[in-house]
Amino acid sequence: MASLIRNKISNKLSNAATSVSHKSQAKVSGMFAKLGFQAATDEEGLGFAACDDLDYEYRQGMQMDILNTDGVGGEGDGAGGGDGAVEGDSHYQRDSAGHPPSTSKDGGVCNELAAQDKPKITAWEAGWNVTNAIQGMFVLGLPYAILHGGYLGLFLIIFAAVVCCYTGKILIACLYEENEDGEMVRVRDSYVDIANACCTPRFPSIGGHVVNVAQIIELVMTCILYVVVSGNLMYNSFPSLPVSQKAWSIIATAALLPCAFLKNLKAVSKFSLLCTLAHFVINILVIAYCLSRARDWAWDKVKFYIDVKKFPISIGIIVFSYTSQIFLPSLEGNMQKPSEFHCMMNWTHIAACILKGLFALVAYLTWADETKEVITDNLPSTIRAVVNIFLVAKALLSYPLPFFAAVEVLEKSLFQDGGRAIFPDCYGGDGRLKSWGLGLRCGLVVFTLLMAIFVPHFALLMGLTGSLTGAGLCFLLPSLFHLRLLWRKLLWHQVFFDVAIFVIGGICSISGFIHSMEGLIEAFKYNIQD
């Protein structure tokens with residue numbers, strides 16, 4: 001009997017000690033939960049402490065629910081102490097007792113966030129991306145701009161480089177705000193975020209919609225230009241064949257139809273990089289041929305007067321050749337040293353200005369009044385076919401990049417906008433593309449073909465795009481956003497530059513758009529009658 005009583009007393013004391021131990025452990029866990037990690041094991045504590053900042057950003061972005069607990073501990077706590085979070089704790093439970101944000105117990109969040117933490121790029125790699133954007137195939141239209149602008153066209157090439165470099169810098173400045181400690185902190189991630197910030201609080205999303213529409217127009221027009229230039233180059237390379245430029249455009253589009261089934265651009269990007277290098281080689285060959293005819297250069301043909309009717313189109317051509325602002329926020333955010341962004345912008349635009357000016361001037365001096373919309377069409381037939389075939393390959397392999405970007409913007413805004421989309425999701429539960437999603441992609445390819453058939457004029461389309469979206473994205477919106485977000489911190493000369501750029505950009509945009517539309521309407525009527 002005495003032994004039984006002793007056992008009961010011993011059990012009660014043991015249970016009481018265990019309960020006190022569990023409560024103490026729960027309080028310690030609650031204290032650590034406030035600090036952002038679970039005090040279960042040293043390995044888990046170190047792992048979650050290391051990724052706590054990323055975990056917080058991840059949860060904010062995914063809008064996960066915050067865990068709420070009734071107290072700092074309870075009688076029913078297990079040995080693991082997994083319910084030891086205090087009331088109001090904004091961090092998730094780190095073990096299986098809570099609601100994990102992934103299926104993995106202790107590594108799901110960190111693994112997923114580690115995948116998001118992509119390797120950063122150097123300033124040289126960022127400069128290569130900018131150079132590839134502003135010195136691509138559309139440089140071939142610059143000699144045609146000199147034909148209608150003379151020395152003023154050369155000045156405009158320099159002026160556009162200076163302005164686009166400046167607006168690229170102020171656009172990145174709009175991504176940052178000063179915190180309480182006086183440090184500049186990146187609070188926005190994209191062009192759309194900047195636009196939405198400028199329109200708050202009255203119209204918090206209208207700015208993003210405007211930027212998205214401008215982006216879609218520019219991307220689709222770029223696709224159309226690739227089809228137009230492919231048909232133009234093939235037609236002029238093989239003039240003896242009974243195939244019209246429209247037929248060549250149809251053949252090129254048939255080769256591009258598989259783009260509707262693209263899921264990623266890894267293989268295409270590799271080929272596109274090789275073709276870009278080949279394009280630089282072709283530019284050098286064109287300049288070398290022009291230099292071989294230096295004694296016949298027509299300096300007297302370069303005038304100070306301009307063709308009032310066609311020069312506004314040249315403005316759009318030049319501006320369009322410098323468009324890169326749309327992806328600069330993403331590029332700067334992925335740099336190892338964002339402080340080197342300004343230096344990178346300086347040397348890329350200086351190099352672009354020198355190379356574009358020399359290429360346009362040398363090519364125009366060689367052919368003068370016979371300069372064509374695409375300068376390679378002026379080359380002798382013996383080398384024209386080889387050069388143009390390389391350029392057609394470059395155009396066809398470059399087409400999927402803007403096409404895929406345009407499709408992603410359309411799918412996100414029309415099909416996947418977080419329950420606010422106009423149409424149902426174009427992807428099934430298994431990730432497969434549904435019929436209307438495939439129809440959207442095929443329809444976009446066919447639309448680029450129709451535009452290339454009815455308006456097969458490279459210079460007009462390039463001028464229209466540069467005047468409409470190029471001037472808006474490169475001149476008007478960056479200066480307007482800079483004034484709207486940072487006007488209290490700007491010096492008087494910065495305000496003057498922003499206002500001047502906005503006014504000049506607006507005048508150039510309106511005049512170029514009007515003249516380009518007049519030319520396109522005339523060309524469209526002619527092709528309809530034909």
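**Entry 1: D189 and its partners**

I began with D189, which is exposed at a relative accessible area of 52%. This is a predicted model, so I treat each value as computed. I then looked for a charged partner. The side chain of D189 meets that of R186 in a salt bridge, 3.2 Å from N to O. R186 is partly exposed, with a relative accessible area of 27%.

**Entry 2: K301 and D369**

Next I looked up K301. Its side chain forms a salt bridge with D369, at 3.4 Å from N to O. I checked where the two sit. K301 is in the loop between helix 11 (266–292) and helix 12 (311–320), and D369 is in the loop between helix 14 and helix 15, so the pair ties together parts 68 residues apart in sequence. K301 counts as partly exposed, at 36% relative accessibility.

I went back to shared partners here.

**Entry 3: R188 and E177**

I turned to R188. It makes a salt bridge with E177, and the closest N and O atoms are 2.5 Å apart. This pair links distant parts of the chain, 11 residues apart. R188 lies in the loop between strand 2 (184–186) and helix 8 (191–199), while E177 lies in strand 1 (residues 176–178). I compared burial on each side. R188 is buried, at 9% relative accessibility. E177 is partly exposed, at 36%.

I also noted the total: 4 salt bridges.

**Entry 4: D377**

Which side chain of opposite charge is nearest to D377? I found R384, 5.6 Å away. The cut-off for a salt bridge is 4 Å, and D377 has none, although it is buried. D377 sits in the loop between helix 14 (341–367) and helix 15 (381–398).

I listed its contacts, leaving out residues up to four places away in sequence. D377 touches N232, L233, N236, K372, R384 and N388.

**Entry 5: helix 9 against helix 15**

Two of those contacts, L233 and N236, took me to helix 9, where they are among the residues that meet helix 15. How do the axes of helix 9 and helix 15 cross? They come within 9 Å and cross at roughly 160°. That makes helix 9 roughly antiparallel to helix 15. The crossing is left-handed.

I then read off the contact residues. On the helix 9 side they include Y226, V229, S230 and M234. On the helix 15 side they include R384, A385, N388, L391 and V392. R384 and N388 also touch D377.

Conventions:
Residues numbered from 1 in each chain as written. Predicted model: local features only at pLDDT ≥ 70, side-chain atom pairs only at ≥ 80, totals over all residues. Heavy atoms only, no water. Helix = DSSP H or I, 4+ residues; strand = E, 2+ residues; numbered from the N terminus. Buried < 20%, exposed > 50% of the residue type's maximum accessible area, 1.4 Å probe, protein only. Lys, Arg positive; Asp, Glu negative; His and termini not counted. Contact = heavy atoms within 4.5 Å. Axes fitted to C-alpha atoms, helices over the stretch in contact; angles between N-to-C directions. Parallel < 35°, antiparallel > 145°, perpendicular 65-115°, else oblique. Left-handed = near helix turned anticlockwise from the far one by under 90°.
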